[in-house]
Amino acid sequence: MDDDLIAGHLQELRRGTVVLACLTTLARPHYGYALLETLAHAGFAVDGNTLYPLLRRLEKQGLLTSEWNTDEARPRKFYLVSKDGAAVLDRLRTEWRSLDSAIGALDGGKQQ
């Protein structure tokens with residue numbers, strides 16, 4: 001099996017779930033680098049060049065709010081899911097569960 005082919009499909013799958021992972025994690029405030037670490041620790045590796053533009057896009061869409069913390073020597077921008085973001089997260093989770101169930105039904109409920 002071609003490793004590049006598999007890597008491409010895995011990248012597509014992850015790309016489709018990164019919004020769900022970020023909104024789920026940002027139910028509690030995180031700054032960008034801490035979010036990267038939290039996602040990686042959970043097994044959801046995301047590159048900073050992917051994450052930071054995504055955070056800006058989600059904020060522009062009104063799904064995240066942000067606030068600068070200037071208490072420390074280096075200011076940090078903290079992100080948190082907005083009310084609209086929580087509603088979108090709820091819909092995405094419902095769809096994720098539905099898709100997972102559908103995939104399970106397609107393979108006869110077999111678990112790996």
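Which helix holds the place of T50? Select residues 48-60 and you have it: T50 sits in helix α3. Keep in mind as you click around that this is a predicted model.

**Stop two: the whole chain.** Zoom out and colour by secondary structure. You will find four helices and three strands, arranged from the N terminus as α-β-α-α-β-β-α. Along the principal axes, the C-alpha atoms fill a box of roughly 55 × 35 × 20 Å. The protein has 112 residues, and 27% of them count as buried.

**Stop three: the core.** Select L23 and L64. Within the largest nonpolar core, which has 21 residues, these two touch the most other members. Helices α1 (3-25), α2 (32-41) and α3, along with strand β3 (76-81), each supply at least two residues of this core. The biggest contribution comes from α1, with six residues.

**Stop four: around L64.** Leaving aside residues up to four places away in sequence, L64 touches L23, L26, L55, L58, E59, Y79, L80, V81 and S82.

**Last stop: surface and charge.** Then highlight the charged side chains, 14 positive and 15 negative; the centres of the two sets lie 5 Å apart.

Technical notes: Residues numbered from 1 in each chain as written. Predicted model: local features only at pLDDT ≥ 70, side-chain atom pairs only at ≥ 80, totals over all residues. Heavy atoms only, no water. Core = buried A, V, L, I, M, F, W, Y, C linked by side-chain atoms within 4.5 Å. Buried < 20%, exposed > 50% of the residue type's maximum accessible area, 1.4 Å probe, protein only. Contact = heavy atoms within 4.5 Å. Lys, Arg positive; Asp, Glu negative; His and termini not counted. Charge placed at Lys NZ, Arg CZ, Asp CG, Glu CD.
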